[in-house]
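My notes follow the order in which I checked them.

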Amino acid sequence: MQKTTTTIKSDTIMERIFYITFICFGLSYLLACNNPQPEASDLLEEAERLIEVYPDSAMLLIDSLFYPEKSLNHENYMRFLVRQVQVKYKVNRPIVEDTLIFQARDYYSTGRKDPQLAILAWFYSGCVYRERKEYKEAMQQYIEAEKYASQAGDISLKGLVQYNMGDLLAGQGLYLKAIDHYKNAEHIYAQSPEKLYEKQAISISAIGRMFLLSGENDSAVQYFHEGLEIAESKNDTKLQSLLSQNLSVAFRENKQYKKAEKYLRKSFQFNPDSIEIPRYYLNLARLFRYQGQVDSVIFYTHKLYQSISTIDNNTLKASAYEFLASVEKENGNYETAFDYNQKYTNVLIEIMNERNRQSIYEVQQKYNFELQQKQFDDKFTKAERFITLLIIVILMGALTFSLYTFKQRKKHILALQKINILRNMADDLKRLHSNYESDKDRKIRSLMMDKFDTVKKVALLNNSIKEDDSPQKVLDKLNEIVYGKNFEEEWLAIFRVFNEINPGVSEDIQHQYAKFSNNEFRIFILSYAKFSPNEIAVVLNLTYNTVLTLRSSIRKKIKMNGSRPDDLLYL
């Protein structure tokens with residue numbers, strides 16, 4: 001029995017392992033199907049690496065993530081929302097519709113998460129509001145971004161936030177208020193351990209620009225000079241070119257044309273970008289035009305005309321054609337002026353078309369994303385249906401197998417129970433033979449047991465049944481040995497013994513309880529002979545529960561018959 005119990009437990013454990021393995025496999029497959037772009041995390045990480053240095057390349061990688069909400073886990077998806085707006089902002093793509101950044105902002109505002117991404121989420125939320133012309137909300141986002149930057153001790157981002165606060169106010173014409181924020185940004189960059197001199201100089205230049213727009217040209221010149229000194233001390237030619245150009249504009253506004261020319265030429269000298277050369281020709285031509293130096297105007301106008309075909313910037317090209325048209329008109333060359341004016345109009349149309357193309361590109365990108373999402377959803381739905389059907393089939397098979405195994409185990413346990421009962425009956429028989437007992441009940445039991453030949457049958461069972469026999473094989477051997485080929489003959493032998501010991505009792509029972517079924521009659525006889533329910537089950541080849549049920553039925557019939565109450569004592 002111990003070995004059988006251990007085997008049953010082992011089988012149960014193996015079945016559980018099988019079910020758990022199958023469930024894990026199914027879940028893994030479903031999760032794999034649920035990821036349309038497994039490489040999405042790697043693409044996002046590479047885009048993050050390129051954002052600051054190569055934003056255009058980063059933009060291509062961000063655009064390649066067509067289904068980020070499915071391809072990325074929640075944390076990486078929040079990162080994606082921040083980085084998407086960041087890189088679009090850097091490459092001057094519209095972000096007015098990128099309101100999903102607000103979800104990332106809320107996500108990074110709760111719990112102890114990445115502090116830098118929290119700053120960026122608040123900052124770019126402000127940029128989105130700013131582009132939507134919701135300036136009050138934009139300023140609130142910037143203020144929160146600065147708080148997070150202060151807590152994180154991130155000087156660079158804190159300065160960036162202050163600088164953009166200045167830009168936000170400048171865009172509303174609040175130049176003097178903007179100056180305060182530009183000064184804060186300059187102070188932050190100046191105190192930075194990294195010595196962010198370039199950003200410091202640009203902040204100083206922004207202060208000068210605000211004074212210039214406010215009509216305070218002397219203050220503007222002062223700040224432009226201060227920024228230029230920082231650029232010269234660091235030998236930054238690009239920055240020197242920018243600040244020299246700002247100084248040229250400031251002196252031109254003061255009608256100090258010689259100084260304006262000096263710093264414009266200085267800016268030209270330090271300019272590292274050949275693409276910007278036509279812009280210098282245009283500005284020099286304008287400057288000499290203000291001074292009435294016709295020969296110089298003609299010279300730089302001709303230079304501008306020769307280089308205009310190299311201009312890729314449509315805004316600069318439009319300014320160049322507008323200037324050429326005005327010069328030709330002053331010279332009385334109306335036909336040429338009209339031609340330049342027509343080209344100016346065409347460039348303006350191209351600028352509008354370019355904006356429309358950008359809008360169409362955004363719409364196309366959105367459409368492509370939605371199309372790819374729909375295709376994936378359709379594909380995933382089919383896969384999900386297939387997996388669901390497969391799981392149902394396997395579970396049905398497993399259920400059928402489990403039911404079959406359960407029935408076999410039940411048969412096996414029943415056979416073992418019957419064998420144990422027979423062994424107990426054999427032991428009881430040996431005790432009866434070894435001890436003299438004179439009472440009637442013991443005598444009838446002894447005689448019936450002799451007829452049943454229990455000892456011999458138990459010996460046969462012990463010799464013929466093996467531990468590894470199947471439940472059905474055990475039952476077949478048990479029934480063959482106990483009941484032989486004709487069970488009725490065995491019962492008649494037992495019944496004859498009962499009648500010899502109790503003459504007339506069986507006839508009295510049949511007469512008194514004519515409604516007893518065949519099995520009920522036999523159970524009553526064996527119960528009268530003091531057989532236990534387990535022993536009756538073995539003798540009559542019935543289950544223990546069946547014997548109990550029939551005994552209950554017998555009790556009811558005895559009560560309904562109004563017969564002797566002492567008949568119930570046998571049951």
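I began with R49 and E46, which both lie in helix α2, 3 residues apart, about one turn of the helix. The model is predicted, so I kept to its limits: local features need pLDDT of at least 70, side-chain atom pairs count only at pLDDT 80 or more, and totals for chains, interfaces and linings use all residues. Residues are numbered from 1 along each chain as its sequence is written, and side-chain values use heavy atoms, with hydrogens and water left out. I took helices as DSSP runs (H or I, at least four residues), numbered from the N terminus.

R49 and E46 form a salt bridge, with the closest N and O atoms 2.4 Å apart. The term stands for a side-chain nitrogen of Lys or Arg within 4 Å of a carboxyl oxygen of Asp or Glu. By this rule I noted a count of 16 salt bridges.

I then looked up accessibility, where buried means under 20% relative accessible area, exposed over 50%, and partly exposed in between (1.4 Å probe, protein chains only). R49 counts as exposed at 57%; E46 is partly exposed at 30%.

**Two sides of α2**

Which residues of helix α2 (residues 40-50) are buried? I found A40, L43, L44, A47 and L50. They cover an arc of only 125° around the axis, which puts them on the same side of α2; the arc is that of the directions from the helix axis to the C-beta atoms. On the other side of α2, I noted D42, E45 and R49 as exposed. The buried residues of α2 pack against α3 (55-63), α4 (68-71) and α5 (74-90), with contact taken as heavy atoms within 4.5 Å.

**Other salt bridges**

I next checked R83, which forms a salt bridge with E48, the closest N and O atoms being 3.0 Å apart. This pair links distant parts of the chain, with R83 in helix α5 and E48 in helix α2, 35 residues apart. R83 is buried, at a relative accessible area of 11%.

I also noted a salt bridge between the side chains of E134 and R132 (3.3 Å, N to O). E134 is partly exposed at 27% relative accessibility, and R132 is partly exposed at 33%. Salt bridges that share partners join E48, R79 and R83 into one network.
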